[in-house]
Each structure stands twice: as structure tokens, then as C-alpha cells.
Amino acid sequence: MRNLFKRESKVEQYSKDHVEMVYECLNQLKMLMTYFYANDFDSVKEKVEEISKLEHDADDVRRKMEIEFFKGAFLPFDREDRIVLAEQVDSVADMTQETAYGICLSQINFPDDYKNDFSDLIDSVYDTVSALKKCIELLDEDLGEALTKAHEVEKLEEAVDKIERKILKKLYIEYKNGEIDILTHIELKSTVLRLGNIADRAENASDRVPIIVAKRKG
């Protein structure tokens with residue numbers, strides 16, 4: 001029994017370390033966006049490399065968690081949900097890396113009149129992932145608060161959707177009016193959808209939390 005609790009404590013720490021790395025990927029993406037606005041693609045490339053390193057490190061921690069699960073950490077009814085949660089949190093880092101890489105490849109001149117729109121979007125995505133981070137941390141401290149935070153993630157993701165739709169509408173109108181070229185339209189649209197997908201994946205991860213809470217409550 002002592003070994004079981006020891007393994008669970010180790011997994012809980014791994015879980016917090018893992019979500020912290022995923023969260024740091026978002027921090028780096030936020031900084032990358034400022035270089036994107038300034039058309040500084042050398043700095044964008046550097047940030048892509050930092051995000052890729054963080055995503056790789058997060059993968060390593062997730063694999064360590066899986067090994068502890070294999071060794072018997074947590075009871076069987078809880079183990080599967082924990083593994084799925086870790087994979088879904090990891091997918092947030094995957095999409096963050098994909099977004100950063102897509103921006104780096106685009107090499108477009110960022111239109112000045114979209115800066116506020118994209119700043120609002122990345123801030124909203126960041127808030128969603130921040131809430132997910134807190135939700136994961138609370139899971140081993142206060143189940144009720146973890147559940148409340150999971151519901152907050154859902155509401156924050158809805159806010160991301162609204163900003164995403166607003167930008168997409170603006171892109172289509174300006175393209176139809178000849179105010180932006182086709183390449184700019186395509187690349188900005190792709191970036192918007194990827195940013196929105198980060199928040200979608202954060203919500204998917206948070207959706208696992210009510211299941212874990214319900215099972216623990218019995």
C-alpha cells in the first residue's frame with residue numbers, strides 16, 4: 001500500500017510538471033505572435049525551436065507517467081481516465097507546436113489592422129489553457145474546485161469561438177473586397193483555426209475531469 005501511495009504521489013507531480021510544460025508552450029507562442037505581427041521571422045523561428053523542445057520534454061514526462069501507471073499507480077477504475085487526460089493535455093502542446101510551425105512557414109506580411117483581433121484571440125486561448133492548468137493542479141487537492149475550474153474552461157473556450165468567428169468573417173469580407181490577397185487570407189485563416197483548436201483541445205482535456213471527480217466521489 002505504501003508503494004501504491006508513493007507511485008500516486010510521483011504521478012501527481014509528473015501531472016503537474018506536464019501541464020506546466022504545456023502551459024509554457026503557450027507562453028512561448030504568445031511571444032512568438034508579437035514577432036509575427038512585426039514580420040520578424042528569424043525570431044519566430046527561434047521561438048518555434050523553443051516550443052518544439054518544450055513539447056518534446058512534455059512528451060517525456062507523459063511517458064514517465066504511463067510507466068508509473070503500468071507499475072500500478074492508482075486503482076484500475078481511475079487509471080484509464082488519468083491516461084486519457086494526460087494524452088489530451090499533451091495534445092494541447094502538439095497543436096501549439098503545429099500553430100507555431102505553420103506561422104513560421106507562412107512568411108506573410110502581417111496586416112496591421114488584424115493585430116488587435118489576433119491579440120484578443122491569443123489572450124483568450126491563453127486564458128483557456130491557464131484555467132486547464134489550474135484544473136489539473138486542483139484535481140489532487142480539491143475535487144469540487146477542480147470541477148468548477150473544468151466548467152470555467154468550457155466557458156472560456158466558448159469565448160475563443162466567438163473571437164475566432166469574428167476574425168474569420170472579417171477575413172472573408174476583406175478578401176471578397178480585394179483588401180487582402182489570397183495567400184494572406186489562407187495563412188491567416190489557418191492560423192486562426194489552429195489557435196482555436198488549441199482551446200478546443202484544452203476543453204476536451206477538461207471534459208475528462210468531471211468523469212474522474214464522479215468516480216472518486218463514488
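This passage describes the overall build of a protein chain and then its aromatic rings. The structure is a predicted model, in which local features need pLDDT of at least 70 and side-chain atom pairs count only at pLDDT 80 or more, while totals for chains, interfaces and linings use all residues. Residues are numbered from 1 along each chain as its sequence is written, and side-chain values use heavy atoms, with hydrogens and water left out.

The protein chain contains 7 helices and 0 strands, where helices (H or I, at least four residues) and strands (E, at least two) are DSSP runs numbered from the N terminus. Read from the N terminus, the order of elements is α-α-α-α-α-α-α. Along the principal axes, the C-alpha atoms fill a box of roughly 70 × 30 × 20 Å.

Of the 218 residues, 50% are buried, a term for under 20% relative accessible area, against over 50% for exposed and in between for partly exposed (1.4 Å probe, protein chains only).

Turning to the aromatic rings, the whole structure holds 6 aromatic pairs. Rings of Phe, Tyr and Trp (its six-membered ring) pair if their centres lie within 6.5 Å, and planes under 30 degrees apart count as stacked, over 60 as edge-to-face and the rest as tilted. One of these pairs joins tyrosine 23 and tyrosine 126; it is tilted, with 5.5 Å from centre to centre and 35 degrees between the planes. Tyrosine 23 belongs to helix α1 (residues 2-37) and tyrosine 126 to helix α4 (residues 115-138), so the pair ties together parts that are 103 residues apart in sequence. Tyrosine 23 counts as buried because its relative accessibility is 16%, and tyrosine 126 is buried at 16% too.

Phenylalanine 110 and phenylalanine 118 form an edge-to-face pair, because their ring centres are 5.3 Å apart and their planes stand at 85 degrees. Phenylalanine 110 is buried at 5% relative accessibility, and phenylalanine 118 is buried at 0%. Both belong to one aromatic cluster, made up of Phe36, Tyr37, Phe41, Phe110, Tyr114 and Phe118.
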